[in-house]
Structures are given as C-alpha cells and as structure tokens.
Amino acid sequence: MGSFLGSRSSKTFKPKKNIPEGSHQYELLKHAEATLGSGNLRQAVMLPEGEDLNEWIAVNTVDFFNQINMLYGTITEFCTETSCSVMSAGPRYEYHWADGTNIKKPIKCSAPKYIDYLMTWVQDQLDDETLFPSKIDNRTPALSPLGVPFPKNFMSVAKTILKRLFRVYAHIYHQHFDSVMQLQEEAHLNTSFKHFIFFVQEFNLIDRRELAPLQDLIEKLGSKDR
C-alpha cells in the first residue's frame, strides 16, 4: 500500500483520497495492509470473512486510485504532450477519452491530458457519497451487510473505474518503464500492479480483452505466485 512508495510518495498527481479514520472502511484498509505485509497477495485480496463485498471493493478501489496517483506522480515530468502525444500502451493499443456525460464521443488526446481526464473522473466518482458512501459505520451488528446503502449500479461503476485505472499502469509500463527504472521505482510499480491484478482477478472485475496490453506481464506475475 502507501508504504511501497518510499521517499517519493509525497509526489501525487491528484490530491490523495483519504478514508476517514475510525470508520469501518478504515479498519478494512488496515486489515488489507496487514495481510499485504504477510507477502501473500493472493490471500490479501480475498474478501475478509463476514464483510460486505461492495465495501471491500470500494476500500480497495480508493487505495488503488491513491497508489496509481503516486506512481504516475513520480513520472509526470516524462509524460508530456510531446513525448506522449497519444494515450497508448505500446504500438497496438491507443485509448480515446469519453466519460459519457461531458464528453460523449471519444476524443483523441495526449497521454497527460487523457490521464488528467481519467483521474479527475475517478476522483469525482469516489467523492460522490451516493456511489461511494463513507458514512455507513453506524449500522448495528444485527443488520445484515445488505443494510449498507451502496447503489444498485455500484459494481458496474467500480468495474469502469478499475478498467480505466488499469490503462494508467499499461501506459506507464509501455511508455515509461525506463524512467521508472532510473527512479528505482520498479519494485513499487510491480508490487502495486501485482496486487491490482490479483484483486481484479479474484472478483472478475476487468474483462480479459481489456488486460491484453499487459497480458505477458500478468501471466509472468501469476506463474511466479503459484
């Protein structure tokens, strides 16, 4: 989690999204950090016993946003309108931005512009209390987790967020890995990405086709862990 990012962690691309201390979600985040510390990432992503799946996905989505925010923050100076005039993940994959509300028809734009749109859009979703309710800790133990007011479309929104966050990893790996190596951030990037992939695999959150730009790396990470 945050601790992967060492001394450069103060450099974030967007403001960090904090989970309120003392809340149930904060406890879940602490649980996730503790199990991550054990080094078994496959186990660390599993839904803790008795917990609500939506809430577990919400907490981890916020955490991945913060991780990717920091990782991209460390290489923003190398990701420019000139060096990355299109948002790509290698020569075969190019992404065009649309959010369905402000920009309905996908537009071609530079990687920094695309990632700015993407991270701002994710931030807006995470800040929307109707989508990502943070005040759900006053439930009594007698209430089933179904008493948690996550909206019906929560899972589809979470899937879209994670699908888009994956594209930032894909861009960093394909276009900026040399810079990551120079900054000696590759261990952080690899650990963060491995955690992300195991998480989305555990709950089938991203379509295989979407993962294609990093398929070789995903297979390599998976085979090391069996």
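1. In which handedness of crossing does α5 pass α6? The crossing is left-handed, a term used when the near helix is turned anticlockwise from the far one by less than a right angle, with right-handed used if clockwise. Helices here are DSSP runs of H or I with at least four residues, and strands are runs of E with at least two, numbered from the N terminus.

2. The model is predicted, so that local features need pLDDT of at least 70 and side-chain atom pairs count only at pLDDT 80 or more, whereas totals for chains, interfaces and linings use all residues. Residues are numbered from 1 along each chain as its sequence is written, and side-chain values use heavy atoms, with hydrogens and water left out.

3. On confidence, the chain averages a pLDDT (the predictor's confidence in each residue, from 0 to 100) of 87, and 88% of the residues score at least 70.

4. Returning to helix α5 (residues 154-182) and helix α6 (residues 186-202), their axes come within 11 Å and cross at roughly 155 degrees. That makes α5 roughly antiparallel to α6, since angles over 145 degrees count as roughly antiparallel, under 35 as roughly parallel, 65 to 115 as roughly perpendicular and the rest as oblique. Axes are lines fitted to C-alpha atoms, for helices over the stretch in contact, and angles run from 0 to 180 degrees between N-to-C directions. Among the α5 residues in the contact are Phe 166, Ile 172 and Phe 177, and the α6 side includes Leu 189, Phe 193 and Ile 197. The residues of this contact divide into 14 nonpolar, two polar and one charged; Ala, Val, Leu, Ile, Met, Phe, Trp, Tyr, Cys and Pro count as nonpolar, Asp, Glu, Lys and Arg as charged, and the others, Gly among them, as polar.

5. Helix α6 also packs with helix α3 (residues 53-75), where the axes come within 11 Å and cross at roughly 155 degrees. Helices α3 and α6 are therefore roughly antiparallel to each other, and their crossing is left-handed. Trp 56, Phe 64 and Leu 71 are among the α3 residues that meet α6, whose partners include Leu 189, Phe 196 and Phe 199.

6. The crossing of α1 and α3 is right-handed.

7. For "binding site", the unreviewed UniProt entry lists Cys 79, Cys 84, His 171 and His 176. They span 98 residues in sequence, yet no two of their C-alpha atoms are more than 9.9 Å apart, so they gather at one spot. Such annotations may be inferred rather than shown by experiment; positions follow the numbering used here, and feature names are shortened. His 171 has its place in α5.

Technical notes: Contact = heavy atoms within 4.5 Å.
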